[in-house]
Every structure is written in structure tokens, then in C-alpha cells.
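This report describes a single protein chain, moving from individual residues to the overall fold. The sequence and structure are shown below.

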Amino acid sequence: MIASSFALADYFSRDCTNETEKRLHMLLAIIATLDDTCILYRSNQEVLALVQQLAQKANQQALPNPAFQALAAFCQSENVSPGGSTDLLAASFFLLSINSILPIKEGETVYQ
């Protein structure tokens, strides 16, 4: 399953009314599963693995949380940015917009 699919699954399964929080969780789901070449370019596989672990942990509870803050601090200290993940997040937002304009049956999405 590609990272964007994880993000969309996370979005639709999350019991949260705050749209911003749901979208941040989408980003965390992508970061946790994507071998982000932007991170690899600026660092190495070990840093990528730590970023993914922190993102996975941060995605397990409501935001903001200590793991989310640790992820932000770690990325800043290591001078890495999950640019590839944010590109996939933008693509996920596009898919969400398609889902909202296409005529589909109640309870279904265009991804099923």
C-alpha cells in the first residue's frame, strides 16, 4: 500500500471533527510509511528511520502531543524536512477534493 493510501485511510477512520488535526494525522501517516528522499538526501537511513518512528508514535494520539513536538524538534536539530511526504499530502488533498465533488453512493469513497 502506498503512503498516500495510508493517509487517506487514516483520514476516513479518524474520529475527530477538527479538520486541521485530521490533516496533520494524514501527514504523520505518510511520514511514518514513506522512504522520503528529501530526508535521505540531507541525512541518512538512520535519521529517516527515527523520523518515521517519531511520526508513527505521534500519530497514535490526539495532537498536539509530546511525540509530535519531539518529531518537530528532531527534524529541526537534524536539519531535515519531509518534503516528499508533503508532496504526497498535497496529492492526498487533491484526492479528497475529487471525493467531495464526484457523485458516489452514501458511505463509499472513490478509493473503494
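Leaving aside neighbours within four places in sequence, which residues is aspartate 10 in contact with? The model examined here is a predicted one, and in it aspartate 10 is in contact with His25, Met26, Ala29 and Asn59 once those sequence neighbours are set aside. Aspartate 10 belongs to helix H1, which covers residues 3-13. Because its relative accessibility is 11%, below the 20% limit, aspartate 10 counts as buried.

**Aspartate 10 and asparagine 59**

Between the side chains of aspartate 10 and asparagine 59 there is a polar contact of 3.2 Å. Asparagine 59 is placed in the loop between H4 and helix H5 (66-78). With a relative accessible area of 12%, asparagine 59 is likewise buried. Not counting residues up to four places away in sequence, asparagine 59 touches Asp10, Arg14, His25, Leu28 and Ala29.

**Helix H2**

Helix H2 spans residues 19-33, 15 residues in number. From its first C-alpha to its last, H2 reaches 22 Å, close to the 21 Å expected at 1.5 Å a residue. The buried residues of H2 are Glu21, Lys22, His25, Met26, Leu27, Leu28, Ala29, Ile30 and Ile31. The N-terminal end of H2 is capped by asparagine 18, one of whose side-chain oxygens lies 2.9 Å from the backbone nitrogen of threonine 20.

**Aromatic rings and charges**

One aromatic pair is present in the structure. It consists of tyrosine 11 and phenylalanine 12, whose ring centres are 5.3 Å apart and whose planes stand at 90°, so the arrangement is edge-to-face. Tyrosine 11 counts as buried, at 11% relative accessibility, whereas phenylalanine 12, at 38%, counts as partly exposed.

Charged side chains also sit over rings. Lysine 22 lies over the face of tyrosine 11, and the charged end of arginine 23 sits over the ring of phenylalanine 93. The distances to the ring centres are given in the table.

| Charged residue | Ring | Distance to ring centre |
|---|---|---|
| Lysine 22 | Tyrosine 11 | 4.2 Å |
| Arginine 23 | Phenylalanine 93 | 4.4 Å |

Tyrosine 11 thus takes part both in the pair with phenylalanine 12 and in the arrangement with lysine 22.

**Threonine 37**

Is threonine 37 buried or exposed? At 58% relative accessibility, threonine 37 counts as exposed, because the value is over 50%. Threonine 37 is found in helix H3, which comprises residues 37-42. The C-alpha atoms of threonine 37 and leucine 48 are separated by 9.0 Å, the two residues being 11 apart along the chain.

**The chain as a whole**

The secondary structure amounts to six helices and zero strands, giving the pattern α-α-α-α-α-α along the sequence. The chain has 112 residues, of which 38% count as buried. Considering contacts between residues at least 6 apart in sequence, 61% join residues at least 24 apart.

How confident is the prediction, and where is its confidence lowest and highest? The mean pLDDT of the chain is 88, with 86% of residues reaching 70 or more. Confidence is lowest in H1, at a mean of 81, and highest in helix H4 (residues 45-58), at 98.

Conventions. Residues numbered from 1 in each chain as written. Predicted model: local features only at pLDDT ≥ 70, side-chain atom pairs only at ≥ 80, totals over all residues. Heavy atoms only, no water. Phe/Tyr/Trp six-rings, centres within 6.5 Å; stacked < 30°, edge-to-face > 60°. Buried < 20%, exposed > 50% of the residue type's maximum accessible area, 1.4 Å probe, protein only. Lys NZ or Arg CZ within 6 Å of the ring centre and 35° of its normal. Helix = DSSP H or I, 4+ residues; strand = E, 2+ residues; numbered from the N terminus. Polar contact = N/O pair within 3.5 Å; in protein donor to acceptor, adjacent residues only side chain to side chain. Contact = heavy atoms within 4.5 Å. Expected span 1.5 Å × (residues − 1). pLDDT = per-residue confidence, 0-100.
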